[in-house]
Amino acid sequence: GDCFPCPQEGCPMMGHYADRFSEKLKRVDQKYFLNTAADEPFATWRQKVFIKLSGVKKTRGDINLVYYDTQGNSKEYEVANGDLSQDDVYTKYLDVEINPKNTTKIEFRWNKAIFSLLWARLGAETVNIIHGADG
């Protein structure tokens, strides 16, 4: 808890993804961060998520994915928020705390902004999740 908040340019990561912060390697006394899960085995699984929306053309709100595992645990991750459009594909890297081998269900959840003027319906045309040995 002593190392946050991160600088405005982001937290330089150590480990497999450290090469994404090449400019930060030039700094003196640079701090590095390692994402971990809250519980044992403390591992996280990096997944790249692509979501293509269907439904209304544009609206405001947020898109979340909820992961469920074989032991009844669940964890929600935000993929996007703000102005949403079915013309865009929303992409994000998630460090998921639920092991893909134990995942039983992934739920697409859309929350409409409270002050949105539209009683909009929004769904996922496609949700692609990529994970593997390279993260």
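The legends below walk through several close-up views of a predicted model.

**View 1. Arginine 46 and aspartate 95 meet in a salt bridge.** Start with these two side chains, where N and O are 2.7 Å apart. Arginine 46 belongs to strand β1, which covers residues 45-55, while aspartate 95 belongs to strand β4, which covers residues 89-96. The pair therefore ties together parts of the chain that lie 49 residues apart in sequence. Is arginine 46 buried or exposed? With a relative accessibility of 14%, arginine 46 counts as buried, because the cut-off for that word is under 20%.

**View 2. Aspartate 83 forms a salt bridge with arginine 60.** Here the closest N and O atoms are 2.8 Å apart. Aspartate 83 sits in strand β3 (residues 74-85) and arginine 60 in strand β2 (residues 58-69), so this pair links distant parts of the chain, 23 residues apart. The two partners can also be described by their accessibility. Aspartate 83 has a relative accessible area of 59% and is exposed, whereas arginine 60, at 43%, counts as partly exposed.

**View 3. Glu76, Glu107 and Arg109 are linked in a network of salt bridges.** Within this group, take a look at arginine 109 and glutamate 107, which form a salt bridge with their closest N and O atoms 3.2 Å apart. Arginine 109 is partly exposed, with 28% relative accessible area. Glutamate 107 is partly exposed too, with 26%.

**View 4. The largest nonpolar core holds 15 residues.** Which residues touch the most other members of this core? They are Ile63 and Tyr67. Strands β1, β2, β3 and β4 each supply at least two residues of the core, and β3 gives the most, with four. To explore around isoleucine 63, set aside its neighbours within four places in sequence. Its remaining contacts include Ile51, Leu53, Val79, Leu84, Phe108 and Trp110. Glu78 and Arg109 are also among the residues in contact with isoleucine 63.

**View 5. Tyrosine 67 and tyrosine 77 form an aromatic pair.** How many aromatic pairs does a search of the whole structure find? The search finds one. A pair of aromatic rings is described by the distance of the centres and the angle of the planes. For tyrosine 67 and tyrosine 77, the centres are 5.6 Å apart and the planes are at 85°, an edge-to-face arrangement. Tyrosine 67 lies in strand β2 and tyrosine 77 in strand β3, so the pair ties together parts ten residues apart in sequence. Both tyrosine 67 and tyrosine 77 are buried.

**View 6. Lysine 105 lies over the face of tyrosine 68.** In this view, follow the lysine 105 side chain to the ring of tyrosine 68. The distance from lysine 105 to the ring centre is 4.6 Å.

**View 7. Aspartate 87 has its place in the loop between β3 and β4.** At 47% relative accessibility, aspartate 87 counts as partly exposed. What does aspartate 87 touch, not counting residues up to four places away in sequence? The answer is Lys52 and Lys57. Another lysine to find in this view is lysine 58: its C-alpha is 8.5 Å from that of aspartate 87, and the two residues are 29 residues apart in sequence.

Technical notes: Residues are numbered from 1 along each chain as its sequence is written. This is a predicted model: local features need pLDDT of at least 70, side-chain atom pairs count only at pLDDT 80 or more; totals for chains, interfaces and linings use all residues. Side-chain values use heavy atoms; hydrogens and water are left out. A salt bridge is a side-chain nitrogen of Lys or Arg within 4 Å of a carboxyl oxygen of Asp or Glu. Buried means under 20% relative accessible area, exposed over 50%, partly exposed in between (1.4 Å probe, protein chains only). A nonpolar core is a set of buried Ala, Val, Leu, Ile, Met, Phe, Trp, Tyr and Cys residues joined through side-chain atoms within 4.5 Å. Contact means heavy atoms within 4.5 Å. Rings of Phe, Tyr and Trp (its six-membered ring) pair if their centres lie within 6.5 Å; planes under 30 degrees apart count as stacked, over 60 as edge-to-face and the rest as tilted. A charge sits over a ring if NZ of Lys or CZ of Arg is within 6 Å of the ring centre and within 35 degrees of the ring normal.
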